[in-house]
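This report describes the fold and some of the packing in the structure shown below.

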Amino acid sequence: MTILDGSIVTVAMPAIQQDLGFSPAGLSWMVNAYLIPFGGLLLLAGRLGDLIGRRAMFLAGNAIFTAASLLAGLATGPGMLIAARFLQGVGSALASAVVLGILVTLFAAPAERGKAIAIFSFTGAAGASIGQVLGGVLTDGLSWPWIFLVNVPIGVATMALALRALPADRGAGLRAGADVLGAALVTSGLMLGIYAVVKVEEHGWLSAHTLGLGALSLGLLGAFTARQATARTPLMPLRILRSRNVVGANLTQMLALSGMFAFQVLVALYMQRVLGYGALETGLAMLPAAVGIGSISLFASARLAARFGARAVLVTGLAMLVAAMALLSRTPVDATYAVHLLPPMLLVSGGGLVLPALATLGMSGARESDAGLASGLFNTTQQVGMAAGVAVLSTMAAGRTGELLASGASQAAALTGGYRLAFGIAAGLLVAGLAVAVTVLRRPAPAEAAEGNAPDGRPAASAAR
């Protein structure tokens, strides 16, 4: 639900604008009002889960998200809907920030943990893949409020199952990390940074708006880091950054998802604006990629990681994604699906290897007491990577398209040239992620892998207790 809700509204925007009277500028806040709190609160929410209990944080986030979805479905004006979207983002951050932390503490044995993370990655990939298609189906078949109202029964069922399935956990207590100043610095810094990124397409990368907010965001995050090094009860103990796998996995994820998520957006635009596909045709054309990612993450990734190691699986998946983007960067104006689009769609299945391997490596260096923080950090870099990738590649594609139009190229040729440039840059981002994976990440120690130790080195049974 949380990943799907970032994209499901895009198809319904024209209907929402007509019914509620959104201005063209205000319409973009349908997406931004969700993404900014979602990305900005993940790190704080993850740490709070360690302090007050991860199940409590998960349930609170689901309750807020479900109530906000109901409010959005009943919205009668732009202000009410934007406020509801903001609350949805808050609820999504609280719930999703602790999910990986819950999984790695519940499933300490490597085989079980691998399966759990594979299922987690599968649901995320499914949400990202079906958002736009489901938005069109619900909007056309029922009406736009149902893209939000459908979350209500799902949210209620999730909370009911969580109360029965998730064991109650006691956090370390707010005194162990109640750094109010640090919380204010990191939350404001992340929100400002994400806001600056999502508004790049409107203002440009070198505008005073983007550079000013970007500098302020970096300054706040730098002040937060300095604060954590000196605070008696830091919100984010810097020891978590001493793990090469944690740092390397988060950096690799930011680079890889910048290319992967932009692929999802840009290839859909290419098929509709250049090849003339409809919304349903586009969804069906992208189905091989979605099915491939889901199937590999669910049925193969855990077994391959157990046999060859998460690092080797990650490198293989990244190589497949690089090949997919390289092929797309050569796509012609008059492309045929079977020849020019199907091969990259199949290679994008490598994402089913990348996502679970990154999650495994990103959580590998976290202590049990820091599992929520590591989970929040991992989800934060995921959101920042996706937002930055779309902003960068969309801007580069639009700039190249404008240059080609000015030189006399046809609309289709200009659009294709812009998308080809964007896919080439996506390939470069993935190559950079591959380089980080090869040079920074390490394979887990054989003893730890064989004995099933928890991330902090204690036996799995002790960690589970």
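## Packing in a helical model

Val 99 is found in helix α6, which covers residues 99–106. The model is a predicted one. Leaving aside residues up to four places away in sequence, Val 99 touches Phe 58, Phe 120 and Ser 375. Ser 375 is 276 residues from Val 99 in sequence, yet the C-alpha atoms of the two are 7.0 Å apart in space.

Two further pairs can be listed beside this one.

| Residue pair | Apart in sequence | C-alpha to C-alpha |
|---|---|---|
| Val 99 and Ser 375 | 276 residues | 7.0 Å |
| Gln 264 and Val 390 | 126 residues | 9.4 Å |
| Pro 145 and Leu 71 | 74 residues | 9.8 Å |

Pro 145 lies in the loop that runs between α7 (110–141) and α8 (146–149). Its relative accessibility is 16%, and buried means under 20%, so Pro 145 counts as buried.

For the protein as a whole, the secondary structure comes to 22 helices and zero strands. Of its 465 residues, 51% count as buried. Among contacts between residues at least 6 apart in sequence, 82% join residues at least 24 apart.

### Helices α3 and α5

Helix α3 (residues 29–52) packs with helix α5 (residues 78–96) at an angle of about 30°, and their axes are 7 Å apart. Angles under 35 degrees count as roughly parallel, and α3 and α5 are therefore roughly parallel to each other. Their crossing is right-handed. The residues in the contact of α3 with α5 divide into 16 nonpolar, four polar and one charged.

On the α3 side, the residues that meet α5 include Trp 29, Met 30, Tyr 34, Pro 37, Phe 38 and Leu 41. On the α5 side, those that meet α3 include Leu 81, Ile 82, Arg 85, Phe 86, Gly 89 and Val 90.

In soluble globular proteins, nonpolar side chains tend to be buried together. Here the largest nonpolar core has 94 residues, and Leu 314 and Met 325 are those with the most contacts inside it. Helix α13 supplies the largest share of this core, 11 residues. Apart from it lies another core, of 16 residues, among them Ile 16, Leu 81, Ala 84 and Phe 148. Leu 81 is also one of the α5 residues that meet α3.

Met 325 touches Phe 263, Val 348, Phe 423, Ala 426, Ala 427 and Leu 430, not counting residues up to four places away in sequence.

Helix α13 spans residues 244–273 and holds Gln 253. Is Gln 253 buried or exposed? At 1% relative accessibility, Gln 253 counts as buried. With residues up to four places away in sequence left out, Gln 253 touches Ser 258, Leu 358, Phe 378, Thr 381 and Gln 382.

At 15% relative accessibility, Gln 264 counts as buried. Val 390, at 126 residues from Gln 264 in sequence, has its C-alpha 9.4 Å from that of Gln 264.

How values were computed
Residues numbered from 1 in each chain as written. Predicted model: local features only at pLDDT ≥ 70, side-chain atom pairs only at ≥ 80, totals over all residues. Heavy atoms only, no water. Helix = DSSP H or I, 4+ residues; strand = E, 2+ residues; numbered from the N terminus. Buried < 20%, exposed > 50% of the residue type's maximum accessible area, 1.4 Å probe, protein only. Contact = heavy atoms within 4.5 Å. Axes fitted to C-alpha atoms, helices over the stretch in contact; angles between N-to-C directions. Parallel < 35°, antiparallel > 145°, perpendicular 65-115°, else oblique. Left-handed = near helix turned anticlockwise from the far one by under 90°. Nonpolar A, V, L, I, M, F, W, Y, C, P; charged D, E, K, R; others polar. Core = buried A, V, L, I, M, F, W, Y, C linked by side-chain atoms within 4.5 Å.
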